[in-house]
Amino acid sequence: MNRKIAAVAAVATVLVASACSSSSSGSGGDKATLSKDGKGKKITVWLMQDAQKGWPEVVDAAKKEFTEQTGAEVDVQWQTWNNYTTKLDTALLSGNAPDALEVGNTQAAKYIEAGSFVDLTGVKSQFDNSDKWLDSVAASGQSADGTKTYAVPYYAGARVLIYRKDLFDAAGVTQAPTTIDELKAALTKVKAANAGTANFSALYMPGQNWYSAVAFGAGQFGVKGVIAKKDGDKWAGNLTDPKFLEGVKTWGDLQKDFSVGGTTNDEATQDAMMAKGNIAAIIGNSWEVGSVADPKIGDPTLKDKLATIALPGTAAGTPTPAFLGGSDLAVPSKAANPGLGATFLQIYTNTAQQTLLAKHAIPNAKNLVAAYKQADPANKATGEAAEGATWFIPNSPLWSGADETALKTAFSAIAAGGDPATELKKAQDVIVKDLNG
């Protein structure tokens, strides 16, 4: 038994109580129903403190509407991400699972595989905007082959291009680039204007930032089955697909032409490095703007000099696909009130509630992102990234840090001059072997 099979066996042991009553074949648990028969009942919902601190009015509105429609009350129990999966595993094993819960989108796969979540496929169409859910977050709640839905998208965050507007302006770049070709032209000017600055990166592109590298690959290949795709009972790799390699070449050219000293680094320190003044642009999460200008770890004088745009793609209006982090919502298979739990999620993610949430975070559907962008001018870049095509890692509990390391190693080698097809074949072999157990 290799380490990946052992890991899944451990998960299955912990979650067997929630999986034993599964009525579906393969992944996932019992099929969902939507119930409004809640008179005299109280359901339990686990949500992260992000909502308690950020959008309590959304939670309160959903609770009120739920009680009006069902007669049941809602006990929201606030959770923290620290050791959350351990707490959830214990609750599922002991039969004390909540009726509905939040889970990180990269955490969902193991629970789907173990049959711990109710199969929502049959009621998905009754959820508002389910045909317009954000690509990445929707994929994270599906079975590995994408045919069934076990978790509902909740909210998301996106990576964007963060750049020094003052440096771009000084180099004569007064309009934000809208395509990769325009980005290259802008970076060429910025690089030339700062030729006298030691170790200057017009675009700091560390070789081990595999999220960015894969995004460029997806820009040519597409966002379905990025990295690997489930083919029947087996996973097949796509890292060596000619279209993916074409996108990686674009990433490699940007890395070689505009980034200095980043072939063996990842993105962990890029905010602090940008704050030192010799980096004009990075690709990062929108909150990194605050880190770059943070008084303790960054440079507060940069606060008004930073700007963000969706990472340009091959054509104007089609950004390079972003990886979306975020959260999903699900109903445990062993919930005491699964029908009411599903109804709460239906109400909590309806258009009215998601529009309220859009004042604080990227909502779960592309047609609602406009409200997010209108809430704050600073949301424009992340909103446009979310509205575009987005990608997700292979949705399998067998995906692990070892697979991320294989990608980091491959892209680091490419950044150092290695052949993309050769290096990505090495990573693909590791990843496919791991995914297939």
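Helices (H or I, at least four residues) and strands (E, at least two) are DSSP runs, numbered from the N terminus. The model is predicted, so local features need pLDDT of at least 70 and side-chain atom pairs count only at pLDDT 80 or more, while totals for chains, interfaces and linings use all residues. Residues are numbered from 1 along each chain as its sequence is written, and side-chain values use heavy atoms, with hydrogens and water left out.

G122 sits in the loop between α5 (108-113) and α6 (135-140). Its relative accessibility is 66%, so G122 counts as exposed. The classes are buried (under 20% relative accessible area), exposed (over 50%) and partly exposed (in between), with a 1.4 Å probe and protein chains only. The C-alpha atoms of G122 and A138 are 15 Å apart in space, at a separation of 16 residues in sequence.

Strand β9 (residues 322-330) is largely enclosed by the rest of the structure, because seven of its nine residues are buried. Its pairings were assigned by bridge count (at least two DSSP bridges between two strands). Strand β3 (residues 100-104) pairs with β9 in the antiparallel sense over four bridges. Here E102 has L329 of β9 as its bridge partner. Strand β4 (residues 152-164) also runs antiparallel to β9, joined by six bridges. Y155 is bridged to S327 of β9. Strand β10 (residues 390-391) runs parallel to β9, with two bridges. W391 in β10 stands opposite F323.

Two packed helices are described by the angle between their axes and the distance between the axes. Helix α8 (residues 180-193) packs on helix α10 (residues 242-258) at about 10 degrees, with the axes 11 Å apart. Axes are lines fitted to C-alpha atoms, for helices over the stretch in contact, and angles run from 0 to 180 degrees between N-to-C directions. Helix α8 is therefore roughly parallel to α10 (angles under 35 degrees; over 145 is roughly antiparallel, 65 to 115 roughly perpendicular, the rest oblique). From α8, the contact draws on I180, K184, L187, T188 and K191; from α10, on T250, D253, L254, D257 and F258. Contact means heavy atoms within 4.5 Å. Four of these residues are nonpolar, two polar and four charged. Ala, Val, Leu, Ile, Met, Phe, Trp, Tyr, Cys and Pro count as nonpolar, Asp, Glu, Lys and Arg as charged, and the others, Gly among them, as polar.

Q354 belongs to helix α14 (residues 351-357). Its relative accessible area is 1%, so Q354 is buried. Beyond its neighbours within four places in sequence, Q354 is in contact with Y154, Y348, T349, P363, N364 and L368.
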